[in-house]
Amino acid sequence: MSAGPLVGYSSSGSEDEDEAEAEIEAATEGRTRPGAGHCRRGQSPDPSQRFPVPDSVLNMFPSTEERPEDDSAKHGGRVRTFPHERGNWATHVYLPYEAREEFLELLDLLLPHAQTYVPRLVRMEAFHLSLSQSVVLRHHWILPFVQALKDRMASFQRTFVGLEVTSGHAECLDLVSEVDRVMEEFDLTTFYPDPSFHISLAWCVGDARPQLEGQCLQELQEILDEFEDSEMLLRVLTKQVRCKSGNKFFSLPLK
């Protein structure tokens with residue numbers, strides 16, 4: 001329920017009361033009546049006589065047309081893919097990746113080298129493998145949406161995925177297929193066709209592919225190949241699928 005602006009109003013009397021009041025006025029016409037300068041019962045006071053509503057009260061009910069400030073400078077230059085509106089919850093389904101110390105050591109080798117080509121690259125704060133695009137849910141859809149995901153995920157077993165999924169790709173496609181069915185139930189955007197599954201390590205504003213493709217990626221691959229036990233390091237047992245909706249997190253256990 002949205003709150004409208006506060007307004008002054010008076011209770012209206014019945015028709016009989018109005019008629020009786022009119023008769024009294026006619027009978028007393030020409031006489032000086034007590035309170036003659038005041039407004040009659042059932043009649044709104046003169047606007048100049050109304051008490052102003054305190055600012056502290058008005059500020060409790062902001063205009064529904066106001067929108068929260070969306071300053072990309074506060075988010076490293078990132079821009080929302082859709083505008084922020086009250087009641088809309090950005091939602092994303094993914095596989096979490098819990099980074100071990102060895103993984104972070106590998107990242108400490110890869111990122112500085114990549115930054116020699118693209119200095120504005122920023123290390124990811126958390127790591128995951130996406131199973132959906134970011135979509136918008138209304139608040140009252142969140143719990144039914146999560147329950148539908150749980151029902152779809154209940155039959156899936158745990159599996160292994162790597163930094164760039166080569167083994168386990170078919171299992172990820174099966175997960176995406178079930179997530180897409182839930183998206184369709186709620187008339188939301190499904191995942192990308194023929195997706196390539198990966199775990200992001202860093203990000204930057206703008207398109208940096210021309211600087212990264214070719215020699216840079218080749219050198220990064222060489223660093224990865226030379227890292228001790230990199231094949232086992234980049235495997236992870238996925239025990240759950242997660243859904244993030246606004247500031248709410250939901251875990252969907254796999255068998």
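Start by clicking His198: this residue is partly exposed, at 43% relative accessible area (buried is under 20%, exposed over 50%, partly exposed in between, with a 1.4 Å probe and protein chains only). You're looking at a predicted model, where local features need pLDDT of at least 70, side-chain atom pairs count only at pLDDT 80 or more, and totals for chains, interfaces and linings use all residues. Residues are numbered from 1 along each chain as its sequence is written, and side-chain values use heavy atoms, with hydrogens and water left out.

His198 sits in the loop between α5 (169-185) and β6 (202-203); helices (H or I, at least four residues) and strands (E, at least two) are DSSP runs, numbered from the N terminus. Now show what is around it.

Hop over to His128, in strand β3 (residues 127-130). His128 is partly exposed too, with a relative accessible area of 25%. With neighbours up to four places away set aside, its contacts include His92, Tyr94, Tyr97 and His198.

Why select these two together? An unreviewed UniProt entry lists His128 and His198 under "active site"; such annotations may be inferred rather than shown by experiment, and positions follow the numbering used here, with feature names shortened.

Last stop: Val241. Leaving out residues up to four places away in sequence, Val241 touches, among others, Val93, Tyr94, Leu131 and Phe250.

Key:
Contact means heavy atoms within 4.5 Å.
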